[in-house]
Structure formats: C-alpha cells, structure tokens
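Student: I have a structure to go through. Let us take it by question and answer.

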Amino acid sequence: MAQVPQTFFDALAVRTWCTLALEALGRAREEIDAINVYPVADGDTGTNLYLTVESAVAAVEAVFAGHEAGRGEPGEPRKPGEPSLADAVRAMAHGALIGARGNSGTILAQLLRGMAQVLAAGEQPAHADGRGLRLALRHAADSARQAVAHPVEGTVLTVAAAAADAAADTDGDCGTVARAAYEAARAALAATPGQLAALERAGVVDAGGRGLVTVLAALVETLTGERPRAGASAGSVPHARVGRGEAAGADLPEGRTPAEASAAVAAHACVACVPGSAPAAPGAVPDPAPAVPGSGGCADAPAAPERGGPAFEVIYLLEADDTAVARLRERLDALGDSLVVVGGDGLWNVHVHVDDAGAAVEAGVEAGRPYRIRITHFGAGDVHTTGAGRPAREPAQRAVVAVVPGEGLAGLYTEAGATTVLARPGEPPASGELVQAVRRAHAREVVLLPNDAELRHTAAAAAEQARAEGVRVALIPTRSAVQGIAALAVHEPERRFDEDVVSMTSAAGATRYAEVTIAERQSWTMAGICQAGDVLGLIDGDVAVIGSDVTATAETVLDRMLAAGGEMVTLVLGDEAPEDVAERLEARVREGYLAVDTVVYRGGRQGALLLIGVE
C-alpha cells in the first residue's frame, strides 16, 4: 500500500519517517549485520541501528500520546493532538541519543540530533520546507563528523556528507531534496570499498552507510509517497553483491541468506565466488572481470588477518557539562579507538573501543555521572574476530532472561545465572533489547521474565522474534521483580523444559507483590484521591494505601498482604528508602507472624522506594 506523501516536513512527517525507517531497518537488519566488517567485524551494525531508531520511535510516539491526552505545555494555544515540529524532532533526537547502540547507532543519533538543532531553532515554524531540510541535512553531516575523534572516509560519515552536498545543490520541495540526498548517498555507498581497504578485502559496502541509505529511503517514501526503486548502485561492489537490499536499492545475491553472507564476510571471501551465487538480476550493473586482487575470497586473495586492537567496547550515557566532556574526549582518545561522543545540553552518549574498560568508565565518573553502562568483550570465537577457522561457541541448553529495575537486582539475578536487561525508571526496554538479550544468552531454550505488567506485549513480541530465529522461548508473565525472584529460585535447568516452566510459573503466581512509591501528581485511585508527594502503597498493581510516612505505609501494606497468609517475605530496598524501614518491617514480621521468614535485598535506583513480595 502506497504511503500518503507529506508535502512538507512537519511533526506528522517526523513520526511517519521514524516508523518507516524502523520497518525498513527491520527488513534489512540481518543483511546489514552480515556485511559489518569495519571498524570491528562484530556482525551487529544492523541490529544496533534498528535499536537506535526503535528508541527514537518510542520517544516520538510518547510526544504524540502526550498531546493527544491534552498534556501540552501550560498556556500553549495548540490543540490536543498537535505537537509542533520542534517537539517531534527533539523527541526523535533524544530517543535516539539515549537508545544509541554501537558505533553506527551513536553516529546516527548525532545525525538526527544535528537535524533537530536546525529544525527546532528560531521561531519554531509548524513545518520545514526544502530549504530547511537542506540546512538540516548539512548540519547533521557536519555535527556527526565533529563527534568522531578520527573520521575515516568510506564510512557512514562519507555517505552522510554526500547526501548533504547533493541536498545543498538541489532546489525544490522537501521530496525533491530528500530524493537527491538519497541518490547521492547510494552512489557514495557504492564507492566505499574503494576508500576503505577492509571493505575492499571483504567485497562489501560499509554497513553503517548502508543503514543510513535505508533511513534516507524511508525519508523519500515519507515525503513523496513512493518507496525508492531498488537498483544496483547502492550495493554494487566489484566482484561482490553482499551490500544490496530492498530499502536501499540493494539485494543479497539470489539464493544467499544473510548467514551465508556473514560467513563469507568473516572469511573475507568474495560472495560472487562462493558456489550458489546467482547471476545479477536484470538491469543490474554487470560485474567487471577479472577480480580485483585482494578484494575477497578469490584464489589470489590474501588470507584474512586475525583481529588486533582493543578488547572491549564501552558505551554509556553521561550527565556532564561541555568542559568536562572536552577533557573526557582527550582522556578516552588516549585509551583506545573508535571514539564517538554525541549529545549536548548536559546529556551525552559515549562510545569507545579500549583494552582497559575500567579506565574508560572511571574517566566517565571523573567527567560526570555515567549510567546505562554496557561493556562488550571482543572475545575469541565470536564474530568480533575475523579468523574463519574459529569454531562457533556451543549454545547452552537453557537460560533465563529477565528485566530488572535496578543495579542491585541485576547483580542478584546475574549471580543466579540469569541474563539481565536493566530497566531505568521511565525508560522501559524495547522489544529489540529483549531480543538482543536472548541472543546474548546463547541458549537453545530461554525462559523470559518481563517482571512488569506494562512489558507484557513488548516481551511477547520479543519472544515471537526469538522463536523465528530458532530459539524455544517460554514467556512467564511476571508482573514484578519479586515474582521473578520466586520463579528464579525454583529454576532447575536439568529438568525438562516444560516442567521447569510450569514450576517457575507456579512459584511466580503464588507470590503476591506490592510496592511503596511517591505520588507525582494529584490522581484518582482505588483508595481515594492522592496528592503529589503522598506515599502510595500498591498491592498487585492497584493503589491500596495512601499515607504520609513511608515506613508506616509499608507496614500497613505488609499487614494486608500477610492477612491472607504467607511463608516468605521478600523486601527490595531502593536507594531512597528510609534507613530503618527494613529493620522495622523485619521486626514486625518476627513479632506478629509466626514461621514467616524475611529476606532483604538492595535494589539500587529501581524507581520504587520499596518492593515487597509475599510467597
């Protein structure tokens, strides 16, 4: 079905663009992963770009949902349901920034931020015309290049610059400008192997650039109503066709799967030389012959070198001022490579490859407050190493993947053998993050614990995607982390899968859950009207107690829960819980309820002051 064109670039166009880009990256993800050889052949560029845009989509949708509910800024004449262009592009940029993954995802986040800085500047018009889009694309390319410590040609930066140059030379409406940028980006992408030796050896185009072409194709579709026609130039590489795909005008060779392409890339083999490659489709640019020496797995090509360089990828969000970030750039640049620092206005996304991951994190602590810290080891035997002869790591038989609301619980779950996904307050994980965690668990069978009623649909979508990838997944609908603790306590990997799932489900279902938190605004609840600042006690998801003191409210909640019986009380304390609340509750259980045990954990910054479970 054809997309209805947006003749100018407004908030609705931003929403449509983000949605179409996410869909296109979803279709192209495996292919982009398969051609990822630079800066590290880790086979995750497509996935990282998808997760980055997924976060941008969630932020834009939240802005639209807020306006549809009539929650605009006080005094604004705008009607509910009509966010401004500035609202939408700022949300897009912020969502991409906090959700950016990997080198290419971080650069894409800066590209979107650069566009937002232009489109949301000045008097904030309701929409942008062709001139505005030209300026936005120019600033996006320039700011992304400035964010990279040592820019390299033949990468996404080259593709972005070509798109901006073409847009600057084009007069007309937004659709005309977007199409010119897209066509120039395709041409620049096809030229990347001639600019970067790693791409030429592998016989592929740049994976990050391929992702950007996909995003620009979605922009063309948004503004013209037509998906750009597939063609050869976006992915044509002499003697290799890995880089072709629908959204960017480039398909994998007929009969080849992304996995086969990935294997060829890992061995730096020329895809066109591998048995099973089909001839070019009608209309494709014919491959020149003979093959370029050293361009890939031809007989006269050199063997693929073993990977050198840093052992870890470190990524974190950072709250810091500009001066501190400038010092941080210098510090990290001395520690490793692939340094990209994007963001501004006090919030940054930091990405670097280093040998000393601890030093990279410590540098962030010195600069400000780092959080959402992710450290990936470029270990032997995974796709980060390019040696073709390494055996794949054997998958485990069974694993547990759990969403947890704080660092303390993450440590507890990890000690129990689970793979965790950290959910920050107000920042629920997207389905792509759960799928990535399932992949990280590397098991044939996975038990998924969302630990939040609001994540039910997200977890279900992740489970379906993992099943499509050949993993047997059971989703246990845990509504709280304390239910997840109960399920994990009876987990036995040696049992039959179905029996283990039934036992874990039963343990979770037998655990009532509660939380004590602070009301953010006046609201109607099952227990009456609460005011901002009131202490709320929620039992099984509904407000049951409204009080003024945290400990007294927690005692009332606990009494109500134990009135129906119980054998074990679990308390998970947040960082802002009163110092004596655990001691008071333990004493209350000990004095008032015979044969009931209590266990206390520290949850860290988990959102709620206190989580309570009664089994």
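Student: Among contacts between residues at least 6 apart in sequence, what share joins residues at least 24 apart?
Tutor: This is a predicted model, in which local features need pLDDT of at least 70, side-chain atom pairs count only at pLDDT 80 or more, and totals for chains, interfaces and linings use all residues. Residues are numbered from 1 along each chain as its sequence is written, and side-chain values use heavy atoms, with hydrogens and water left out. A contact means heavy atoms within 4.5 Å. Among contacts between residues at least 6 apart in sequence, the share joining residues at least 24 apart is 71%.

Student: What percentage of the 615 residues is buried?
Tutor: Buried means under 20% relative accessible area, exposed over 50%, partly exposed in between (1.4 Å probe, protein chains only). Of the 615 residues, the buried ones make up 54%.

Student: Why is helix 14 largely enclosed by the rest of the structure?
Tutor: Helices (H or I, at least four residues) and strands (E, at least two) are DSSP runs, numbered from the N terminus. The buried residues of helix 14 pack against helix 2, strand 9, strand 10, strand 11 and helix 15. Among those buried are Glu 433, Leu 434 and Val 438. Helix 14 is largely enclosed because eight of its 11 residues are buried.

Student: Which residue follows helix 14, and what is its phi?
Tutor: Helix 14 spans residues 431–441. Next comes His 442, with a positive phi, near 55°.

Student: Which residue in strand 17 is the bridge partner of Val 535?
Tutor: Two strands pair if DSSP finds at least two bridges between them. Strand 16 (535–539) and strand 17 (542–547) run antiparallel, joined by five bridges. They form a hairpin with two residues between them, and Asp 540 in the turn has a positive phi of about 50°. The partner of Val 535 is Gly 547.

Student: Is Thr 222 buried or exposed?
Tutor: Thr 222 is found in helix 9 (207–224). A polar atom of its side chain lies 3.5 Å from the backbone nitrogen of Trp 17. With a relative accessible area of 0%, Thr 222 is buried.

Student: Which element gives the largest share of the lining of the second largest pocket?
Tutor: On a 1 Å grid over the protein atoms alone, a pocket is an open set of points where a 1.4 Å probe fits, with protein on both sides within 12 Å along at least five of seven lines; lining residues have an atom within 4 Å of a point. Elements that give two or more residues to this lining include strand 9 and strand 16. The largest share, five residues, comes from strand 13.

Conventions: A polar contact is a pair of N or O atoms within 3.5 Å; within protein, one must be able to donate a hydrogen and the other to accept it, and residues adjacent in sequence count only if both atoms are side-chain atoms.
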